[in-house]
Amino acid sequence: MNKFAFRLETALRLRLTQLKREKLKLQTLVFEETKLERLLLDLQAERLKASSTLQSCSAIDAFELRALSAFNLGAEARKMSLKQQLARQAQLIGEARQHVMLAERNVRLLEKMREKERAEWQISWDRDLQANAEEAWTAAHFRPRRPE
């Protein structure tokens, strides 16, 4: 009797590699999204700090007001850019999640096929083992008698 060998084992390994690659892509995209969110929060904190610093001054001249205004305009443009990047990142993450789900489905399909083949192989193995055991028992207990 031969040992169990799944004929699509190579395909299963390939699908597992693809799944790992898709999960890594998703993880990278989520990391990038977190980084963009952090940048947006940092920008908001800088705007608050600049405003509070200027408000805490006793005398404010026109130059400082222009600088704050220019900073706020630049910060608003940066905020809009970051929000656009976050929207694009969310779209990419959604697509990557779809790819991961498809890769997981492909792996599960092959794993189910392997388990089904293994179960069929096990049944065949058990039948052969039973037949061999019966044959051995019969051979041991029912020896033909030699004519005398």
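Which residues make up the largest nonpolar core? Keep that question in mind as we walk through this structure, which is a predicted model.

The core in question has 10 residues: L12, L19, L26, L29, I93, A96, V100, A103, V107 and L110. Helix 2 gives the most, with 6 residues. There is also a second, separate core, made of 6 residues, and among them are L36, A75, L82 and L86.

Now let's zoom in on one member of the largest core, L110. If we set aside neighbours within four places in sequence, L110 is in contact with F6, L8, A11, L12 and R15.

Next, have a look at E33, a residue of helix 1, which runs over residues 9-56. Is E33 buried or exposed? E33 is buried, and yet it has no salt bridge. The nearest side chain of opposite charge belongs to R97, and it is 6.1 Å away. A salt bridge needs a side-chain nitrogen of Lys or Arg within 4 Å of a carboxyl oxygen of Asp or Glu. Which residues does E33 touch, then? Not counting residues up to four places away in sequence, E33 touches L86, Q89, A90 and I93.

Finally, turn to the aromatic rings. The structure holds 3 aromatic pairs, and ring pairs link F4, W121 and W125 into a cluster.

Technical notes
Residues are numbered from 1 along each chain as its sequence is written. This is a predicted model: local features need pLDDT of at least 70, side-chain atom pairs count only at pLDDT 80 or more; totals for chains, interfaces and linings use all residues. Side-chain values use heavy atoms; hydrogens and water are left out. Helices (H or I, at least four residues) and strands (E, at least two) are DSSP runs, numbered from the N terminus. Buried means under 20% relative accessible area, exposed over 50%, partly exposed in between (1.4 Å probe, protein chains only). Lys and Arg count as positive and Asp and Glu as negative; His and the chain ends are not counted. Contact means heavy atoms within 4.5 Å. A nonpolar core is a set of buried Ala, Val, Leu, Ile, Met, Phe, Trp, Tyr and Cys residues joined through side-chain atoms within 4.5 Å. Rings of Phe, Tyr and Trp (its six-membered ring) pair if their centres lie within 6.5 Å; planes under 30 degrees apart count as stacked, over 60 as edge-to-face and the rest as tilted.
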